[in-house]
Amino acid sequence: MIGIFGGTFDPIHFGHLRPAFEVYQALGLDELRLIPLNQAVHRAQPQASGEVRLRMLAAALAGQAGLVVDRRELDRAGPSRTLDTLLSLRAELGEQRPLCLLVGGDAFEHFADWHQPEQILRLAHLVVMRRPEAAAPSDPRVLAMLAERQTTESAALHQAPAGAICYQDVTQLAISATAIRASLARGQSPRYLLPDAVLEIIHLTGLYT
Ligand code: ATP
């Protein structure tokens, strides 16, 4: 079973890495692919170029078997839509291999407003990374999807290629890329919020200052 985790990763930090790694272990994934977006659809565009974000990701994941960078969104011009990414992955992996799309609890709250959510669930399972104290979603459309598709057994994800929704409790670290960029812009060091190898690339390239 393959997992994918998309984001801006501008830059990658421990708030991404630790929850993603916990899901990788808890679900027994063969591989977890981190996919940096090319053009954001609903948020500000990344400051760092795709190539530098890719280098930072590769540095962060170096030495950890099973966690890999996937550059397909950077290689596709225009806005990065999850549906296009899943279609491209299905073309590579075939129809039968279980595929899990990792999303944060905040993102899941708005899942019904994503581009073609039902189609996304035909292509992948949804694994919602939940922080311990998080409230349940309130959107009735999301609640209806949960009623129809939620499974509490992660083993069930291995038994179908797509279509289930599963919550996974993860350690929540209050780290954001925005705060890291702001601290660099103030001339302060964000050390210990992200891997040293990533910080080294930031210093070498003069990013975010
Ligand atoms: P920014 O501050 O620039 O918005 P970010 O770090 O919040 O960046 P992205 O790089 O776009 O966000 O994050 C990719 C995914 O990781 C998103 O789904 C987001 O919800 C999730 N994420 C980001 N930070 C954390 C965190 N501290 N804990 C858990 N999930 C996170």
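C100 is buried, with a relative accessible area of 0%; buried stands for under 20% relative accessible area, exposed for over 50% and partly exposed for values in between, with a 1.4 Å probe and protein chains only. The model is predicted, so local features need pLDDT of at least 70 and side-chain atom pairs count only at pLDDT 80 or more, while totals for chains, interfaces and linings use all residues. Residues are numbered from 1 along each chain as its sequence is written, and side-chain values use heavy atoms, with hydrogens and water left out.

**View 1. Surroundings of C100 and C166.** The closest cysteine sulfur to that of C100 belongs to C166, at 8.0 Å, which is too far for a bond. C166 is also buried, with a relative accessible area of 2%. The structure holds zero disulfides (a disulfide is a pair of cysteine sulfur atoms within 2.5 Å).

View 2. Helix 8 spans residues 177–185, and its buried residues are A177, I180, R181, S183 and L184. These lie on the same side of helix 8 because they cover an arc of only 160° around the axis, the arc being that of the directions from the helix axis to the C-beta atoms. T178 and A185, on the other side, are exposed. Helices (H or I, at least four residues) and strands (E, at least two) are DSSP runs, numbered from the N terminus.

**View 3. Packing and the end of helix 8.** Helix 9 (196–205) is what the buried residues of helix 8 pack against, contact meaning heavy atoms within 4.5 Å. Just after helix 8, G187 has a positive phi of about 85°.
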